[in-house]
Amino acid sequence: WHNGGNLFDFWMAHSGLGHPLVRNYQFLMHLVFWILHKTILAPLTLERAFNTSVALCAMALPWAVYRGATLWGLTALQAVGAAGSVLLLSEAGGYGLSLTNFSFSGYGTYNQLFATLFFCLAIGHGKHILEKRHHAILAGLFFSVTLLSHIMTGYFAFLWIAVDLALDFVRRLKHRLHFRRSDLKNLLWFITTVALTSAHWILPMAIDGPQQHHSPIEPATKWTGIGAQAMIDTITQGNLLDGGRFPTLTLLAALGFCIAVSRAMRRRDGQRMVLKRLWLQTI
């Protein structure tokens, strides 16, 4: 921008080894911080404005967790406990979601931090998508912001909301509750909101064709980069959690599921929202 470049050119030739940054990286946080630097934080240097914005996000994280937890159904005391536990997060490698990694140390999980603020609000409103239209619209907006801020955090938000909707569907079948026309309308409001606010970024990435990654300074063999297909394969084949090493997290998740099943079978009221308990205890 300073040298006369066009910030809104989605086909930048010299960004990300020839790949357009806006199309294959989580760009929203950088755009927001740049706007802040050009407006209310204009007196500060770019680096100082960036660090100030990250500090404000870290300060807002406990509130976002609290608000999301209350929306999701936790009591005020439980939500306070969840918000307070955020302060205890620690990860030594420099890449995890912890307050120690939100400093300008060369690692910086800034996208994850920014996305997590909206992740909590997305799943909170996502719990009530079928109840009221304003929840559906807000859930769609917060989900899109989460996805555009960090694609993996958006993926987890999608799974969480999908499970909530599935559990609500099972609950209604179990209690023979009628599905209202407004339920479908609210779900369509959520889908429409997500499509309108994120399709401009999701669709080109999903298509993942040469026209998306064209660059005059790179050979055609590099135009497709890693590609969306490689990311989808990583997720669906289970390599995301265990990274090809000993399947520690997979085994722990399986153990949690087995414990949940055994406890549900022992309880006399096991028929009451069994699937919900299985999910909560597994996670």
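Contact here means heavy atoms within 4.5 Å. By that criterion Phe 143 touches Ala 122, Gly 154, Ala 157, Phe 158, Ile 161 and Val 194, not counting residues up to four places away in sequence. The model is predicted: local features need pLDDT of at least 70, side-chain atom pairs count only at pLDDT 80 or more, and totals for chains, interfaces and linings use all residues. Residues are numbered from 1 along each chain as its sequence is written, and side-chain values use heavy atoms, leaving out hydrogens and water.

**Phe 143**
- Phe 143 lies in helix H6 (residues 133–149); helices are DSSP runs (H or I, at least four residues) numbered from the N terminus.
- Phe 143 counts as buried because its relative accessibility is 8%, where buried means under 20% relative accessible area (1.4 Å probe, protein chains only).
- A distance of 8.3 Å separates the C-alpha atoms of Phe 143 and Leu 121, which are 22 residues apart along the chain.

**Helix H5**
- Helix H5 (residues 110–126) has 17 residues and reaches 24 Å from its first C-alpha to its last, close to the 24 Å expected at 1.5 Å a residue; the expected span is 1.5 Å times one less than the number of residues.
- H5 is largely enclosed by the rest of the structure, because 16 of its 17 residues are buried.

**Lining of the largest cavity**
- Helix H7 (residues 151–174) gives the most to this lining, with three residues.
- The lining residues divide into three nonpolar, two polar and four charged.

Terms used
Helices (H or I, at least four residues) and strands (E, at least two) are DSSP runs, numbered from the N terminus. Buried means under 20% relative accessible area, exposed over 50%, partly exposed in between (1.4 Å probe, protein chains only). Ala, Val, Leu, Ile, Met, Phe, Trp, Tyr, Cys and Pro count as nonpolar, Asp, Glu, Lys and Arg as charged, and the others, Gly among them, as polar.
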